[in-house]
Amino acid sequence: MATNTPPKPAKPVQPARPAEDDSGSVVLERVPKKVKPPQMYQVVMLNDDYTPMEFVVVVIQEFFNKDRETATQIMLKIHLDGKGVCGVYSRDVAATKVDQVMEAARHAGHPLQCVSEPVE
């Protein structure tokens, strides 16, 4: 059975001020610095005349988590424009994606090239 007890009164909020320690000296609080977000990098696949389009679509689906339709659109952009952006990531993630794509292409015997570039 629940009883209704009156809520405890809230402590009054006091403005922040430097605290004094036992020796009487003043200790200042650290003000947090504003940090800007990390530089982002885009993973760009480059066109070549030898890598099959279907392989490029599969790689985009597998390593960049795109559906088949989106992967096909990216592949066509790569084919028509000479290069296409597959995704934008932090520097380390972008480097890992490039390594994964290059390893898959090398393993399959294709000359597919992939690079990461800073987003401007």
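Modeller: Along the sequence, the protein runs β-β-β-α-α-β-α-β, which gives three helices and five strands; here helices (H or I, at least four residues) and strands (E, at least two) are DSSP runs, numbered from the N terminus. Please keep in mind that this is a predicted model, where local features need pLDDT of at least 70, side-chain atom pairs count only at pLDDT 80 or more, and totals for chains, interfaces and linings use all residues. Residues are numbered from 1 along each chain as its sequence is written, and side-chain values use heavy atoms, with hydrogens and water left out.

Let us take α3, which covers residues 91-108. This helix of 18 residues reaches 26 Å from its first C-alpha to its last, close to the 26 Å expected at 1.5 Å a residue; the expected span is 1.5 Å times one less than the number of residues.

Now for its two sides. Ala94, Lys97, Val98, Val101 and Ala105 of α3 are buried, that is, under 20% relative accessible area, while exposed means over 50% and partly exposed lies in between (1.4 Å probe, protein chains only). Seen down the axis of α3, the buried residues fall within an arc of 100°, so they line one face of the helix; the arc is that of the directions from the helix axis to the C-beta atoms. An α-helix has 3.6 residues a turn, so residues three or four places apart point the same way. On the other side of α3, Asp92, Asp99, Arg106 and His107 are exposed.

What covers the buried residues of α3? The cover includes β3 (40-46), α1 (53-64), β4 (83-90) and β5 (113-118), where a contact means heavy atoms within 4.5 Å.

The three strands in that list belong together: they form an open sheet in the order β4-β3-β5, with antiparallel pairing. β4 and β5 stand at the edges, each with a single partner strand, so one side of each is left without a neighbour in the sheet. Two strands pair if DSSP finds at least two bridges between them, and β3 and β5 are joined by six. One of the residues involved is methionine 45, whose bridge partner in β5 is cysteine 114.

The helix α1 also lies across β3 and β4, at about 160° to β3; axes are lines fitted to C-alpha atoms, for helices over the stretch in contact, and angles run from 0 to 180 degrees between N-to-C directions.

Finally, just after α3, glycine 109 takes a positive phi of about 80°.
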